[in-house]
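Dear colleague,

I am passing on the structure below for you to look at. My notes on what was found in it follow directly after.

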Amino acid sequence: MLAIPAIAAVACLFSSAQGARWIALIATLVDLVLGIGLWTSYDIGGAQWQFVEDAGNLGIFSWKLGIDGFALLLVMLSVFLMPVCIGASWVAVTNRVQEYMAAFLVTEVLMIGTFAAQDLFLFYIFFEAGLIPMYLIIGIWGGVNRIYASYKFFLYTLLGSVLMLVAMLWMANFAGTSDIPTLLRTDFPVKAQTFLWLAFFASFAVKMPMWPFHTWLPDAHVQAPTAGSVILAGVLLKLGGYGFLRFSLPMFPEASAQLTWLVLGLSAIAVIYTSLVALVQSDMKKLIAYSSVAHMAIVTIGLFAFNRQGIEGAMIVMLSHGLVSAALFLCVGVIYDRLHTREISRYGGLAINMPRYAVLFLFFTMASIGLPGTSGFVGEFLSLAGTYRVSTVITLLCTTGIILGAAYMLYLYRRVVFGDLTKDDVRAMPDLSLREIALLAPIAAVALWMGVYPESFLAPMRKDVATLQARIARATPAGDSLPTAGKAIALPATHMEARP
């Protein structure tokens, strides 16, 4: 799965523009087929680490790959969205097509590598190298202010990761190894954990992004091409959530419990503040970008609830947001390609001349809101159910943010799709083509599948959630059913006995 897009990226550079499109599409589809094989072959309830590949030490790091349930789901999200990105760029990108397709294929290699890496420094290499192709995608094929947006994106994310590298060096020196499965069983000194946790937090908080480290995201989304926004919102933002799952919670459980107040506080602010900011946006991409910050705050709240419902809900929110936000950016790209503007006020009445578009856009709007039967409902419900067991106040604040989310998404939909069709250029816009339907329909099908039968996505990670809970429980005083997170925040808390 790493080799195919890597080889295809090189092949794209030595082919014609149309040839590069076909090479990229075929390579990503082959990776999707391999990903489906990975999914069907994964032994639910089996060993924690499966499909392990260990080529030994390569100097500063070891080439060791493998996946657990968390990594499996995020690898599947990556390989599912990548062919969509290639299809979305088929007509829209006309200059330097070979380099563009190569950049996306390299991005796929680095995303899969990040989720599958089992060596600390190999993870860091994949994690940081992912900045480079996205920096180029925004900076070369982006909008008018693409240079500013690409530099801001690169500097924000790189700055946070420098501290993480220092922490990794200390951890490897302390444990005598950089093997991640071994480090997950290592008990780091409680005093050191706080500094290690904060160093990793500096990187993951920017990557997600958490408030107030989110300011690079709206600029990056607005300036990125449509496919760049799809993969940025769909997968790259999930690297921060995956980092909390893989490193912060299991490796530094005591520090995680003591600093829960920080994460819950910032996340609660993010849900409400960014929802209010989204309400007043006039640019469709910027509105969806701010909604992404609010949704990812639900992820961190669920993770730091430290219980099964919260962690499972956070993972489902990540998967759902990856699908739904990607589809919403595609919907914006569809009408941008026709009218070359993202200003909400320029549209109106699209239900009259673009009924197929109106139906699909409505479905993804409802999924973003969290309508029961869609993927958005499952994740948010589980996250809030887990959070309620820790703090009713945080749950109330997050629920308020969800109500605001319904307000700005329905307001967006009404202004774009309903109303009178008064503008001649809007009236002339054709409905979805077969290519565009082929991009959006599979995403809608998976979002519906996740909403109707979430067990398909919960089962692969259930054992890993239990393992993570057992690790976190080391920070729990004897007799408590939950970690000290509920006690660390100065808020009214409601505790219930943990169910088996």
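Helix 10 (residues 216-223) has seven of its eight residues buried, so it is largely enclosed by the rest of the structure, where buried means under 20% relative accessible area with a 1.4 Å probe, protein chains only, and helices are DSSP runs (H or I, at least four residues) numbered from the N terminus. The buried residues of helix 10 are Trp216, Leu217, Pro218, Ala220, His221, Val222 and Gln223, and their cover, counted by contact (heavy atoms within 4.5 Å), includes helix 6, helix 7, helix 9, helix 11, helix 15 and helix 16.

Please bear in mind that this is a predicted model, in which local features need pLDDT of at least 70 and side-chain atom pairs count only at pLDDT 80 or more, while totals for chains, interfaces and linings use all residues. Residues are numbered from 1 along each chain as its sequence is written, and side-chain values use heavy atoms, with hydrogens and water left out.

The axes of helix 14 (residues 260-279) and helix 15 (residues 284-303) come within 8 Å and cross at roughly 160°, the axes being lines fitted to C-alpha atoms over the stretch in contact and the angles running from 0 to 180 degrees between N-to-C directions. The two helices are therefore roughly antiparallel to each other, a term for angles over 145 degrees. Among the residues making this contact are Val263 and Leu264 of helix 14 and Leu287 and Tyr290 of helix 15.

Valine 416 touches Met284, Ile335, Ile344, Tyr347, Gly348, Gly349, Leu350 and Phe361, not counting residues up to four places away in sequence.

Best regards

Key: Parallel < 35°, antiparallel > 145°, perpendicular 65-115°, else oblique. Buried < 20%, exposed > 50% of the residue type's maximum accessible area, 1.4 Å probe, protein only.
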